[in-house]
Each structure stands twice: as structure tokens, then as C-alpha cells.
Amino acid sequence: MSAAFDCQTCGACCAQFRVSFYWAEADDAPGGTVPVALTEAISPHLRCMQGTSSRRPHCIALEGQVGQQVSCRIYDLRASTCRAVQVGDAQCLRARERHGLPTA
Ligand code: SF4
Ligand code: SF4
């Protein structure tokens, strides 16, 4: 696993996959944090970040330009799905590759 990538100049994983999570991670449930207004329902028990369920995913909370300068405007409130991606893991590398960013 590599730790050499800088997420703030990347953002590829926020513009590659459907970012889904258990509905109660949204802030209309007790203890939930993800702003519900930025999510959409995909099943009775699952939500996803708006913008990530399309053919060309791009999370609504991602600001900036992928591969240049980015930030997550709900970083401290983001879902477990977002937190699970680690720099250099398989999902990270796949996202970077698909955005034409170096993977080594
Ligand atoms: S793809 Fe990897 S390097 Fe890029 S933002 Fe996601 S975790 Fe960070
Ligand atoms: S909520 Fe933030 S960390 Fe999660 S996919 Fe969107 S921009 Fe990325």
C-alpha cells in the first residue's frame, strides 16, 4: 500500500463510485451525520450521495477539480463508505487509474 498520494490534489474516489450507505447515517436519524439534503434514496434501507448514482459519478459534496485541487465540504460528517477508502487501497488505485492519475 502506498501513502504517497495527496487526497487534496486528487478526489478521484469521490467521482468514480456510487457512494451508498445505510440510511441511518444521514442526519434525519438519531446519531446520523451526513446531511440528508445531499443524499438520495436508492432502496428502503440505503441512501447514496447525490451525484454518485449516475453513469459518470461525481459527489455533490466534492468541490474543486479532480486531479488538481479538491475538498469535501462535509468531510467531518462524511459516511462510513467514504471513510473506508484508504490511500493506496484497491478502490483508490482503480479510481485514480480511471481518472488518468498516477498509481505508483
Ligand atoms: S482516490 Fe485515493 S488518493 Fe485520491 S482522494 Fe481517494 S483515497 Fe485519496
Ligand atoms: S461525501 Fe466527501 S468524501 Fe464522501 S464521496 Fe462525497 S466528496 Fe468524497
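Strand β2, residues 39–41, pairs with strand β3 in the antiparallel sense over three bridges; strands here are DSSP runs of E with at least two residues, numbered from the N terminus, and two of them pair if DSSP finds at least two bridges between them. The model before you is predicted, so that local features need pLDDT of at least 70, side-chain atom pairs count only at pLDDT 80 or more, and totals for chains, interfaces and linings use all residues. Residues are numbered from 1 along each chain as its sequence is written, chains are lettered from A and ligands numbered from 1 in the order in which they are written, and side-chain values use heavy atoms, with hydrogens and water left out.

Let me stay with β3. A hairpin of four residues connects β2 to β3, and within this pairing E40 has C48 as its bridge partner. Strand β3, residues 46–49, also pairs with strand β1, residues 20–22, in the antiparallel sense over three bridges. There, C48 is the bridge partner of S20.

Strands β4, residues 62–65, and β5, residues 69–72, run antiparallel and are joined by four bridges. Q65 lies opposite Q69 of β5. Three residues separate the two strands in this hairpin, where G67 adopts a positive phi near 85°.

Next, the ligands. Which residues surround ligand 1? They are F5, C7, C10, G11, C13, V85, C92 and R96, where being near means having a heavy atom within 4 Å. By class, this shell has six nonpolar, one polar and one charged residues; Ala, Val, Leu, Ile, Met, Phe, Trp, Tyr, Cys and Pro count as nonpolar, Asp, Glu, Lys and Arg as charged, and the others, Gly among them, as polar.

Around ligand 2 we find C14, V19, M49, C59, A61, L62, C72, I74, R78 and C82. Its shell comprises nine nonpolar residues, no polar ones and one charged.

Finally, the aromatic rings. The structure holds one aromatic pair, the criterion being ring centres within 6.5 Å, with planes under 30 degrees apart called stacked, over 60 edge-to-face and the rest tilted. Y22 and W23 form this tilted pair, at 6.0 Å centre to centre and 55° between the planes.
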